[in-house]
Amino acid sequence: MTRHCAFCGHKHLTAKTARYIHQLNDELLIIDDVPCLECEFCGEQYFDAAVLKAIEAEHTAIMEHRKAPQATKRVAVESYASFGG
Ligand SMILES: [Zn+2]
């Protein structure tokens, strides 16, 4: 994994956990407490490829009904073009 921020070049990345929203086709999965490195300067988050692979496998299992999610949420959807003044 990168040891400096590819976005701003800052050298201090801190190990944290964060919420990750994974999209598979048109389905969203929200995963909390995902380990990542976060840039102390700009807040950009970096996830390990193995972590992302595990998330994708989990999401696939849920979509194929091999596994039930811990919870489900309703999600609001908007088109930017519909924003009024
Ligand atoms: Zn940064």
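This is a predicted model: local features need pLDDT of at least 70, side-chain atom pairs count only at pLDDT 80 or more; totals for chains, interfaces and linings use all residues.
Residues are numbered from 1 along each chain as its sequence is written.

So, back to H65. Its phi is near 60°, which is a positive value in a residue other than glycine. Is H65 buried or exposed? H65 counts as exposed, because it has 7 C-beta neighbours inside 10 Å. The rule here is that 20 or more other C-beta atoms within 10 Å of a residue's own make it buried, 12 or fewer make it exposed, and anything in between is partly exposed, with the C-beta atoms placed from the backbone.

Further along in that segment after α1 (49-63) you'll find G84. G84 counts as exposed too, because there are 3 C-beta neighbours inside 10 Å.

Now the helix itself. α1 has 15 residues, and at 1.5 Å a residue they should span 21 Å; the end C-alpha atoms are 21 Å apart, so that agrees. The expected span, by the way, is 1.5 Å times one less than the number of residues. α1 lies across β1 and β2, at about 30° to β1. For that angle, axes are lines fitted to C-alpha atoms, for helices over the stretch in contact, and angles run from 0 to 180 degrees between N-to-C directions. Contact means C-beta atoms, placed from the backbone, within 7 Å.

Going from the N terminus, the elements run β-β-β-α. The three strands make an open sheet, ordered β1-β2-β3, with antiparallel pairing. β1 (13-24) and β3 (45-46) are the edges: each has a single partner strand, so one side of each has no neighbour in the sheet. Strands count as paired if DSSP finds at least two bridges between them.

β1 and β2 (residues 27-39) are joined by 11 bridges, in the antiparallel sense. You can trace some of them: T17 has P35 in β2 as its bridge partner, and Y20 has I31. Two residues sit between the strands of this hairpin, and N25 takes a positive phi near 55° there. β1 lies largely in the open, because the number buried among its 12 residues is one.

Over in strand β2 there's D33. The phi of D33 is positive as well, near 65°, and D33 isn't a glycine. D33 counts as exposed because it has 9 C-beta neighbours inside 10 Å.

Last, the whole chain. Of its 85 residues, 5% count as buried. The radius of gyration is 16 Å, while a compact globule of 85 residues would have one near 12 Å. That radius is taken over C-alpha atoms, and the globule rule is 2.2 Å times the number of residues to the power 0.38. The C-alpha trace spans about 45 × 40 × 20 Å along its principal axes.

Note on methods. Helices (H or I, at least four residues) and strands (E, at least two) are DSSP runs, numbered from the N terminus. Two residues are in contact if their C-beta atoms, placed from the backbone, lie within 7 Å.
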